[in-house]
Amino acid sequence: MMRNIVCFAVVLVVADLYLTSGRFVNYVPNDRLEDAKDKVSVGDELTALEDESLDSGVTKNSRNLLNHLIPTREKRKAVKDSSRRWTNNEIPFEIDYFQFNKDEVQIIYDAMYIWQHHTCLRFRPRETHDRNFVKFMKGEFCYSTTHGMNGGQQNISLPQVCFNRQSTLHEIGHAIGFYHEHKRPDRDQYITVHEENIEDKFKYAFEKSNEIETYGLPYDYTSIMHYPWNAFSKNNEITIQTKDPSFQNIIGQTQDLSYYDIQLANLMYNCR
Ligand SMILES: *[C@@H]1O[C@H](CO)[C@@H](O)[C@H](O)[C@H]1NC(C)=O
(Lines give C-alpha, C1' and ligand atoms only; values in the text may rest on other atoms or scores of the structure.)
Protein backbone atom coordinates (compact mmCIF):
# COMPACT_ATOMS: atom_id res chain seq x y z
CA MET A 1 0.00 0.00 0.00
CA MET A 2 1.27 3.39 -0.79
CA ARG A 3 1.93 5.59 2.07
CA ASN A 4 -0.29 8.57 2.15
CA ILE A 5 2.16 11.27 1.72
CA VAL A 6 0.57 14.54 1.24
CA CYS A 7 2.44 16.87 -0.71
CA PHE A 8 0.09 19.49 -0.91
CA ALA A 9 1.82 22.26 -0.95
CA VAL A 10 4.59 23.70 -1.32
CA VAL A 11 6.22 25.30 -3.98
CA LEU A 12 6.03 25.54 -7.52
CA VAL A 13 6.29 27.86 -10.13
CA VAL A 14 7.41 27.92 -13.46
CA ALA A 15 6.81 29.98 -16.19
CA ASP A 16 7.03 33.06 -17.62
CA LEU A 17 4.91 34.55 -19.98
CA TYR A 18 5.28 38.22 -19.44
CA LEU A 19 7.73 40.74 -18.37
CA THR A 20 6.75 43.09 -15.68
CA SER A 21 5.76 45.59 -18.25
CA GLY A 22 3.12 43.17 -19.36
CA ARG A 23 4.79 42.58 -22.68
CA PHE A 24 5.08 39.04 -23.83
CA VAL A 25 8.47 37.58 -23.66
CA ASN A 26 9.26 35.48 -26.64
CA TYR A 27 10.29 32.73 -24.42
CA VAL A 28 7.28 30.55 -24.41
CA PRO A 29 6.44 29.25 -27.85
CA ASN A 30 3.19 30.72 -29.13
CA ASP A 31 1.36 27.45 -29.46
CA ARG A 32 1.94 26.82 -25.81
CA LEU A 33 0.72 30.20 -24.93
CA GLU A 34 -2.44 29.73 -26.95
CA ASP A 35 -3.06 26.49 -25.18
CA ALA A 36 -2.62 28.12 -21.86
CA LYS A 37 -5.01 30.87 -22.80
CA ASP A 38 -7.70 28.38 -23.70
CA LYS A 39 -7.37 26.77 -20.36
CA VAL A 40 -7.47 30.04 -18.59
CA SER A 41 -10.68 31.10 -20.18
CA VAL A 42 -12.26 28.01 -18.75
CA GLY A 43 -10.79 28.81 -15.38
CA ASP A 44 -12.20 32.30 -15.53
CA GLU A 45 -15.68 31.04 -15.15
CA LEU A 46 -14.68 28.95 -12.28
CA THR A 47 -16.26 29.41 -9.01
CA ALA A 48 -15.57 26.65 -6.70
CA LEU A 49 -19.01 25.18 -6.76
CA GLU A 50 -19.23 25.09 -10.48
CA ASP A 51 -16.05 23.20 -10.87
CA GLU A 52 -16.80 19.86 -12.43
CA SER A 53 -14.08 18.29 -10.45
CA LEU A 54 -16.14 18.73 -7.36
CA ASP A 55 -18.39 15.95 -8.47
CA SER A 56 -15.61 13.52 -8.96
CA GLY A 57 -15.05 10.70 -6.55
CA VAL A 58 -13.16 11.57 -3.47
CA THR A 59 -11.21 8.47 -3.35
CA LYS A 60 -9.57 8.55 -6.67
CA ASN A 61 -8.63 12.16 -6.69
CA SER A 62 -7.71 12.60 -3.12
CA ARG A 63 -5.58 9.54 -3.16
CA ASN A 64 -3.91 10.78 -6.14
CA LEU A 65 -3.23 13.95 -4.38
CA LEU A 66 -2.22 12.39 -1.14
CA ASN A 67 0.35 10.32 -2.74
CA HIS A 68 1.95 13.36 -4.09
CA LEU A 69 1.98 15.78 -1.38
CA ILE A 70 4.29 16.13 1.48
CA PRO A 71 3.77 18.75 4.07
CA THR A 72 6.55 20.93 5.19
CA ARG A 73 6.86 22.34 8.63
CA GLU A 74 6.14 25.76 7.39
CA LYS A 75 2.70 27.09 7.91
CA ARG A 76 0.52 28.29 5.17
CA LYS A 77 -2.36 30.39 4.07
CA ALA A 78 -1.07 33.89 3.67
CA VAL A 79 2.22 34.50 5.31
CA LYS A 80 1.98 37.57 7.53
CA ASP A 81 5.56 38.64 7.20
CA SER A 82 5.52 41.21 4.43
CA SER A 83 9.22 40.72 3.71
CA ARG A 84 8.13 37.37 2.26
CA ARG A 85 6.37 39.07 -0.62
CA TRP A 86 8.08 38.90 -3.98
CA THR A 87 9.83 42.11 -4.91
CA ASN A 88 7.89 44.14 -7.46
CA ASN A 89 5.42 41.27 -7.66
CA GLU A 90 7.85 39.46 -9.96
CA ILE A 91 8.72 35.83 -9.51
CA PRO A 92 11.81 34.89 -11.49
CA PHE A 93 11.90 31.20 -12.26
CA GLU A 94 14.10 28.51 -13.67
CA ILE A 95 13.01 25.15 -14.96
CA ASP A 96 15.27 22.18 -15.11
CA TYR A 97 14.50 21.42 -18.74
CA PHE A 98 16.47 18.22 -18.60
CA GLN A 99 14.18 16.77 -15.98
CA PHE A 100 10.81 17.68 -17.46
CA ASN A 101 9.35 16.56 -20.73
CA LYS A 102 7.46 18.84 -23.06
CA ASP A 103 4.04 18.05 -21.62
CA GLU A 104 5.23 18.66 -18.11
CA VAL A 105 6.77 21.96 -19.04
CA GLN A 106 3.46 22.89 -20.58
CA ILE A 107 1.63 22.17 -17.34
CA ILE A 108 4.06 24.31 -15.45
CA TYR A 109 3.61 27.15 -17.93
CA ASP A 110 -0.15 26.81 -17.75
CA ALA A 111 -0.16 26.95 -13.98
CA MET A 112 2.03 30.05 -13.91
CA TYR A 113 -0.13 31.59 -16.55
CA ILE A 114 -3.28 30.97 -14.53
CA TRP A 115 -1.83 32.56 -11.41
CA GLN A 116 -0.66 35.61 -13.25
CA HIS A 117 -3.79 35.91 -15.32
CA HIS A 118 -5.82 36.37 -12.14
CA THR A 119 -3.36 38.49 -10.20
CA CYS A 120 -0.72 41.17 -10.64
CA LEU A 121 2.05 38.66 -10.06
CA ARG A 122 4.40 38.14 -12.98
CA PHE A 123 6.54 35.11 -13.66
CA ARG A 124 9.60 35.61 -15.77
CA PRO A 125 12.70 33.62 -16.57
CA ARG A 126 15.43 34.30 -14.10
CA GLU A 127 18.12 36.66 -15.25
CA THR A 128 21.65 36.45 -13.96
CA HIS A 129 21.22 39.35 -11.58
CA ASP A 130 18.18 37.78 -9.90
CA ARG A 131 19.28 36.45 -6.54
CA ASN A 132 15.87 35.28 -5.41
CA PHE A 133 14.09 32.83 -7.64
CA VAL A 134 12.08 29.67 -7.86
CA LYS A 135 13.48 26.55 -9.45
CA PHE A 136 11.20 23.83 -10.80
CA MET A 137 12.79 20.47 -10.45
CA LYS A 138 12.07 16.83 -9.76
CA GLY A 139 12.96 15.83 -6.25
CA GLU A 140 11.94 12.82 -4.27
CA PHE A 141 8.57 14.18 -3.24
CA CYS A 142 6.24 16.92 -4.19
CA TYR A 143 7.11 19.97 -2.17
CA SER A 144 8.06 23.57 -2.07
CA THR A 145 11.05 24.50 0.02
CA THR A 146 9.48 27.66 1.35
CA HIS A 147 6.52 29.90 1.05
CA GLY A 148 6.73 33.43 -0.07
CA MET A 149 10.08 34.85 -1.11
CA ASN A 150 12.68 33.42 1.16
CA GLY A 151 15.90 34.64 -0.40
CA GLY A 152 18.12 32.76 -2.82
CA GLN A 153 17.01 29.72 -4.74
CA GLN A 154 13.85 28.02 -3.59
CA ASN A 155 12.88 24.73 -5.08
CA ILE A 156 9.56 23.45 -6.23
CA SER A 157 9.84 19.74 -6.59
CA LEU A 158 7.37 18.02 -8.90
CA PRO A 159 8.24 14.40 -9.48
CA GLN A 160 6.15 12.24 -11.77
CA VAL A 161 4.02 10.80 -9.01
CA CYS A 162 2.52 14.12 -8.10
CA PHE A 163 2.81 15.92 -11.34
CA ASN A 164 -0.44 17.43 -12.42
CA ARG A 165 -2.01 20.80 -12.79
CA GLN A 166 -3.64 20.74 -9.39
CA SER A 167 -0.47 20.13 -7.45
CA THR A 168 1.40 22.56 -9.63
CA LEU A 169 -1.06 25.34 -8.85
CA HIS A 170 -0.92 24.34 -5.20
CA GLU A 171 2.85 24.38 -4.96
CA ILE A 172 3.04 27.70 -6.74
CA GLY A 173 0.58 28.91 -4.13
CA HIS A 174 3.11 28.15 -1.45
CA ALA A 175 5.83 29.94 -3.35
CA ILE A 176 3.57 32.97 -3.52
CA GLY A 177 3.09 32.80 0.24
CA PHE A 178 -0.01 30.67 0.85
CA TYR A 179 -0.49 28.39 3.83
CA HIS A 180 -2.70 25.35 3.90
CA GLU A 181 -6.32 26.30 4.45
CA HIS A 182 -6.85 23.92 7.35
CA LYS A 183 -4.12 25.63 9.36
CA ARG A 184 -6.12 28.81 9.75
CA PRO A 185 -6.62 29.79 13.39
CA ASP A 186 -10.41 29.69 12.94
CA ARG A 187 -10.50 26.30 11.28
CA ASP A 188 -12.24 24.54 14.17
CA GLN A 189 -15.45 26.28 13.23
CA TYR A 190 -15.30 24.63 9.82
CA ILE A 191 -13.59 21.29 10.15
CA THR A 192 -12.95 18.59 12.70
CA VAL A 193 -9.49 17.10 12.57
CA HIS A 194 -9.44 13.43 13.55
CA GLU A 195 -6.06 13.12 15.19
CA GLU A 196 -6.61 9.46 15.95
CA ASN A 197 -6.46 8.64 12.26
CA ILE A 198 -3.40 10.67 11.36
CA GLU A 199 0.00 9.12 10.98
CA ASP A 200 2.04 10.26 13.93
CA LYS A 201 4.83 11.79 11.98
CA PHE A 202 2.46 13.98 10.03
CA LYS A 203 0.42 15.30 12.92
CA TYR A 204 2.35 18.54 12.82
CA ALA A 205 0.89 19.20 9.39
CA PHE A 206 -2.54 19.63 10.97
CA GLU A 207 -1.60 22.18 13.58
CA LYS A 208 -3.27 25.54 13.53
CA SER A 209 -1.12 28.54 13.00
CA ASN A 210 -1.46 32.02 14.43
CA GLU A 211 0.99 33.27 11.88
CA ILE A 212 -1.63 33.22 9.21
CA GLU A 213 -3.06 36.40 7.83
CA THR A 214 -6.53 35.77 6.46
CA TYR A 215 -7.23 39.31 5.28
CA GLY A 216 -10.75 38.82 6.56
CA LEU A 217 -11.55 36.29 3.85
CA PRO A 218 -13.85 33.43 4.78
CA TYR A 219 -12.69 29.88 5.33
CA ASP A 220 -12.62 28.28 1.91
CA TYR A 221 -13.38 24.60 1.49
CA THR A 222 -12.74 24.97 -2.21
CA SER A 223 -9.27 26.45 -1.92
CA ILE A 224 -6.51 24.88 -3.98
CA MET A 225 -4.66 24.90 -0.64
CA HIS A 226 -7.06 22.62 1.22
CA TYR A 227 -6.12 19.07 2.16
CA PRO A 228 -8.46 16.25 1.16
CA TRP A 229 -10.57 14.26 3.63
CA ASN A 230 -8.06 11.46 4.08
CA ALA A 231 -4.81 13.42 4.14
CA PHE A 232 -2.12 11.43 5.98
CA SER A 233 -4.53 8.86 7.21
CA LYS A 234 -2.83 5.88 8.79
CA ASN A 235 -5.90 3.67 8.48
CA ASN A 236 -7.83 5.02 5.53
CA GLU A 237 -10.28 6.65 7.90
CA ILE A 238 -11.22 10.26 7.74
CA THR A 239 -8.73 12.84 8.96
CA ILE A 240 -10.57 16.03 8.01
CA GLN A 241 -14.32 16.20 8.49
CA THR A 242 -16.15 19.26 7.27
CA LYS A 243 -18.71 20.71 9.66
CA ASP A 244 -20.90 21.38 6.67
CA PRO A 245 -21.28 17.86 5.27
CA SER A 246 -21.97 19.13 1.78
CA PHE A 247 -18.30 20.10 1.52
CA GLN A 248 -16.93 16.76 2.62
CA ASN A 249 -16.30 15.58 -0.91
CA ILE A 250 -15.13 18.93 -2.08
CA ILE A 251 -12.08 19.61 0.06
CA GLY A 252 -8.86 18.75 -1.67
CA GLN A 253 -10.59 18.15 -4.98
CA THR A 254 -10.46 21.57 -6.54
CA GLN A 255 -8.58 21.60 -9.79
CA ASP A 256 -8.40 25.35 -10.18
CA LEU A 257 -7.81 28.42 -8.12
CA SER A 258 -10.88 29.26 -6.11
CA TYR A 259 -12.49 32.66 -6.00
CA TYR A 260 -10.90 33.35 -2.62
CA ASP A 261 -7.50 32.02 -3.64
CA ILE A 262 -7.48 34.70 -6.27
CA GLN A 263 -8.76 37.34 -3.86
CA LEU A 264 -6.11 36.46 -1.32
CA ALA A 265 -3.24 36.74 -3.77
CA ASN A 266 -4.56 40.08 -4.94
CA LEU A 267 -4.78 41.37 -1.39
CA MET A 268 -1.33 40.10 -0.46
CA TYR A 269 0.24 41.79 -3.42
CA ASN A 270 -1.89 44.94 -3.46
CA CYS A 271 -3.12 44.21 -6.92
CA ARG A 272 -5.92 46.68 -6.78
C1 LIG B 1 17.46 23.14 -4.15
O2 LIG B 1 17.97 22.16 -4.97
C3 LIG B 1 19.39 22.24 -5.14
C4 LIG B 1 19.79 21.24 -6.21
O5 LIG B 1 19.30 19.97 -5.89
C6 LIG B 1 20.04 21.99 -3.80
O7 LIG B 1 21.46 22.06 -3.91
C8 LIG B 1 19.55 23.04 -2.81
O9 LIG B 1 20.06 22.79 -1.52
C10 LIG B 1 18.04 23.05 -2.75
N11 LIG B 1 17.62 24.19 -1.97
C12 LIG B 1 16.81 24.07 -0.92
C13 LIG B 1 16.45 25.33 -0.23
O14 LIG B 1 16.41 22.98 -0.54
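A residue counts as near a molecule or strand when one of its heavy atoms lies within 4 Å of it. That is the rule behind the first close-up below.

This is a predicted model, where local features need pLDDT of at least 70, side-chain atom pairs count only at pLDDT 80 or more, and totals for chains, interfaces and linings use all residues. Residues are numbered from 1 along each chain as its sequence is written, and side-chain values use heavy atoms, with hydrogens and water left out.

**View 1. Who surrounds the ligand.** Around the ligand you'll find M137, T145, Q153 and N155. The protein covers 35% of the 360 Å² of accessible area that the ligand has on its own (areas come from the Shrake-Rupley method with a 1.4 Å probe; for residues, only the protein chains shown count as cover). Sorted by class, this shell has one nonpolar, three polar and no charged residues (Ala, Val, Leu, Ile, Met, Phe, Trp, Tyr, Cys and Pro count as nonpolar, Asp, Glu, Lys and Arg as charged, and the others, Gly among them, as polar).

**View 2. Zooming in on N155.** Here an oxygen atom of the ligand sits 2.4 Å from an N or O atom in the side chain of N155.

View 3. H170 counts as buried because its relative accessibility is 0%, and H174 counts as buried because its relative accessibility is 0% (buried means under 20% relative accessible area, exposed over 50%, partly exposed in between, with a 1.4 Å probe and protein chains only). A polar contact of 3.1 Å joins their side chains, H174 to H170 (a pair of N or O atoms within 3.5 Å; within protein, one must be able to donate a hydrogen and the other to accept it, and residues adjacent in sequence count only if both atoms are side-chain atoms). UniProt, in an unreviewed entry, places the feature "binding site" at H170, H174 and H180; such annotations may be inferred rather than shown by experiment.

**View 4. The buried residues of helix 5.** Helix 5 covers residues 259-268, and its buried residues are D261, I262, L264, A265, N266 and M268. They pack against helix 3 (102-118) and helix 4 (contact means heavy atoms within 4.5 Å). Just after helix 5, N270 takes a positive phi of about 50°.

Notes: Helix = DSSP H or I, 4+ residues; strand = E, 2+ residues; numbered from the N terminus.
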